[in-house]
Amino acid sequence: MSLPHKVLVIGSGPILIGQAAEFDYAGVQACLALRGEGIDTILVNSNPATVMTDPDVGGTVLIGPLSAAYLTRVIEEHQPDALLPTLGGQTGLNLAVALDDAGVLQRHGVRVLGTPLAAVRAAEDRGGFRDLVMGIGEPVPESAVIERLEDGMRFVEALAAPVVIRPAFTLGGGGGGFAHTIDEAHERIAIGLAASPIGQVLVERSLLGWKEIEFEVLRDAADTAIAICGMENFDPMGVHTGDSIVVAPIQTLPDPVVQRLRRCALKIVRTLKLEGGCNVQLAVSPDGSDYRVIEVNPRVSRSSALASKATGYPIARIAALIGLGRRLDQMPNPATGGNSAAFEPAVDYVVVKLPRWPFDKFPTADRSLGVQMKATGEAMGIDRDFGSALLKAIRSLEPRGRGWLWEDPSWALEYGPPDDADAFLAACDTRLWRMVALLRHGWTDADELSRRTGVAPWFTERLAELIEAERALVGEPLLDAKRIGFGDAEIARLSGVPAVAVRRARVRAGITPAYRRVDTCAGEFPAETPYFYSSYAAPEVPPPTDRRSVIVVGSGPIRIGQGIEFDYCSVRAAWAIREGGLDAVVVNNNPETVSTDYDACSRLYFEPLDTESVLDVIDHERALTGEPPIVLLTFGGQTAIDLARDLAYADVPIAGLTADAIEITEDRERFAWLLDELGLDGPRGELARDADELRAAIGRLGMPVIVRPSWVIGGRGIAVLRQADDVTALLRTEIGWPLRVDELVDGIELDVDAISDGTDWCVPGILEQLDAPGIHSGDSVAVLPPQRLSRAVQEHAAKAAGRIALALGVRGVLNVQMIAAGERIVVIEANPRASRTVPIVAKATRRDVVAAAVRCALGSRLSETGLVAGLMPDGELVAVKAPVSSLWRLPGVDPTVGPEMRSTGEVLGLATAYDEALALARDAVAAHEPAGRSAS
């Protein structure tokens, strides 16, 4: 097969529940692989917060709507001769099918790389896939393909058993669900038919309680097929895999059963003639004696990213090369440099993935879990056994008090068992902690937990062992406690001493983690992958380096308010560090992201982002290089910034920033004092320490007011109070006193990003929010450059941001939010870190904002970064950012926008004129509205 000259790569668009950063990771790997072969790439995506939409990654980058109409225009104008559709999630797959159906690909001579669209249709069409699997002698659940509601009801009535509804061509289980009664079936089938873009659902017999197993598979055109990773869901069938705890490798099945399932997965992929990466899902009976084939995703997926990070095997990169006709046996193993890519990875550790749900932001949401995904992100832990990996994954969720030892006081388990144990243990976001709490209080045992939840006995037995270890912790040697997996904070709480005392004791005793390599081959062959995890088991010492390291602390799992934009910043920061001749070290735990690709940095540590783990990495890097590493916190969102106080206490210098500067910006009262000292306007306001002071402040200020706690991201806990009922409603919630109570200033809200070297400052761009103050900027439509403000007002705003940066001693990036009230600039707050606006400014102005901020943080002068002091001139393009929400997936959530962020992602319209950019942004939002819903 001849190589194409120009390949169109379709991205996945904004972050949605069910489709997140994993497709940025896949797209980056694919584009770099294609360009490494000398092939031009045309990348189309609407998400500005992605690494792939930078020209040095995506080649010719077109930020625009992911619609068939827009892609048709792209094909007509740019004349690609090939299309790679399987790395852009369900969005990319559906668009490729739509372009083919419309005859666009044939008309313009565009061939599809990798998996043929006929195979995609066979895998995605529920009925066709069922027939194909049965035709090769593999079992499937009893089912019927339904395109009319009345046909579905006839099948359900004849089956006389619970069913699951699976709509065709949808994302993250969208529109699907279980039905236990006739009425539920009627409702679910109707919803599923509306959700499917082809009006088709599969209604199949429910396998609730069976084990769910996944295999990530690669196949090339020569019919070489390998299973990269087998993964097992902790939760039984009935919970979407994106909402389930996932464990790799498979733990609870004997090897003959695992091999039988592996052979089944490879057989299906070969029959479908898929070329590239795909995911096969199977159900296994509780005793392991029987199985059923559930479905195949004929593309890379969330599970592909997890499998890649679990094994170190770059699935998306190899899949892209397979699309060019490369054979697995002709490519080297990317981890070892030898062997071949047809070598199935082997692991000598355990990986545990935990979902990150948004229920902390939405307490009224329905927290039950089913076949429709609700998680916004995930974190992964790696260690030598299941228990320690699970504990590490829990720490990686950044639970803010919800660690291994957490129990909800409302459970009241110290007084007795729950009245209804089955209801108490129903699938929800807190089920793991409920199971652990019942074991801790002695109200159940491992066998009963398995019987009530369907979780395999092997897993519940491991939970029981952790509880036994927890009880024996006091008086147990510290090294044993660490080998079990308990963190310093948990040991401290159980021992009744401060966490810092535990750390001090173990460091003095020489009890520190070793770092082991993820190498795809379980140490069987020499490998040089710079990808490490900590363990208190046998050490593996990497060779020392003669280059000083700079540690970039990442942002952890994606959540509303802290999304993919911080991964963009972390990756660009790592690249800038390496370009400066230093070693870029990344610490992060999100398996979906580009930053956890070991190729993105000099060394990757897959670790929790807590004080313990970050300090351990710092100590380890100091030992490797012989000098203290430089630490950058400004690119990892609030997660990284929250570490500043503890790192300062441990005498760790933070590049470009001091812990005190962070305190000033995060403490609402201290920041108000800073504005007074600088002679800058802030809103009239007061500090309220309790309800009485809140009412008194409102009485003096008058309504409306906006109340803000300190140390939050995404507007968490912020509220606008317009009438007495709002005050009453606020006081019924859990409040993080004290609150800053400010007048709600009327005007135009601005986001100003400043870069400072400590002496000079620069503002590369200002975003104007089109929604009124009181709407979180992440939920507002915004435009850059501002359209309603004079240049003089913009200069005033830029100067205010620059003065704040210099007063704080910031070297790097600072985000300041302001309101332009006529000619007056009112400063609302400052964030001493990169914000979600940085990628937008970078894409709209074509200025490498992150690299400039890194160089300033490391000591360069602003004049050496390519930026010019002051407010920089407007670029040639107008950018309109629009938010995209997935809240329709979370029943019970009020979608009304306000000061607390609700959107999961964003799109960008880029054009030379404002009206055109706005129209493109609207089209981009509409492209991601679910079936049956219109774009607003």
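The chain has 32 helices and 34 strands, both taken as DSSP runs numbered from the N terminus (helices H or I, at least four residues; strands E, at least two). This is a predicted model: local features need pLDDT of at least 70, side-chain atom pairs count only at pLDDT 80 or more, and totals for chains, interfaces and linings use all residues. Residues are numbered from 1 along each chain as its sequence is written, and side-chain values use heavy atoms, with hydrogens and water left out.

**Overall build**

Of the 936 residues, 64% count as buried, meaning under 20% relative accessible area with a 1.4 Å probe, protein chains only. The C-alpha trace spans about 80 × 75 × 65 Å along its principal axes. Contacts mean heavy atoms within 4.5 Å. Among contacts between residues at least 6 apart in sequence, 70% join residues at least 24 apart.

**Aromatic pairs**

The whole structure holds twelve aromatic pairs. Rings of Phe, Tyr and Trp (its six-membered ring) pair if their centres lie within 6.5 Å; planes under 30 degrees apart count as stacked, over 60 as edge-to-face and the rest as tilted. Two of the pairs are set out here.

| Pair | Centre to centre | Between the planes | Type |
|---|---|---|---|
| Trp406 and Trp433 | 6.4 Å | 80° | edge-to-face |
| Tyr515 and Tyr605 | 5.2 Å | 85° | edge-to-face |

Trp406 sits in the loop between helix H13 (386-396) and helix H14 (421-424), and Trp433 in helix H15 (residues 431-440), so their pair ties together parts 27 residues apart in sequence. Both Trp406 and Trp433 are buried.

Tyr515 in strand S17 (residues 514-517) and Tyr605 in strand S21 (residues 603-606) are 90 residues apart. Tyr515 is buried at 2% relative accessibility; Tyr605 is buried at 0%.

Phe234, Phe386, Trp458 and Phe459 form one aromatic cluster.

Key: Buried means under 20% relative accessible area, exposed over 50%, partly exposed in between (1.4 Å probe, protein chains only).
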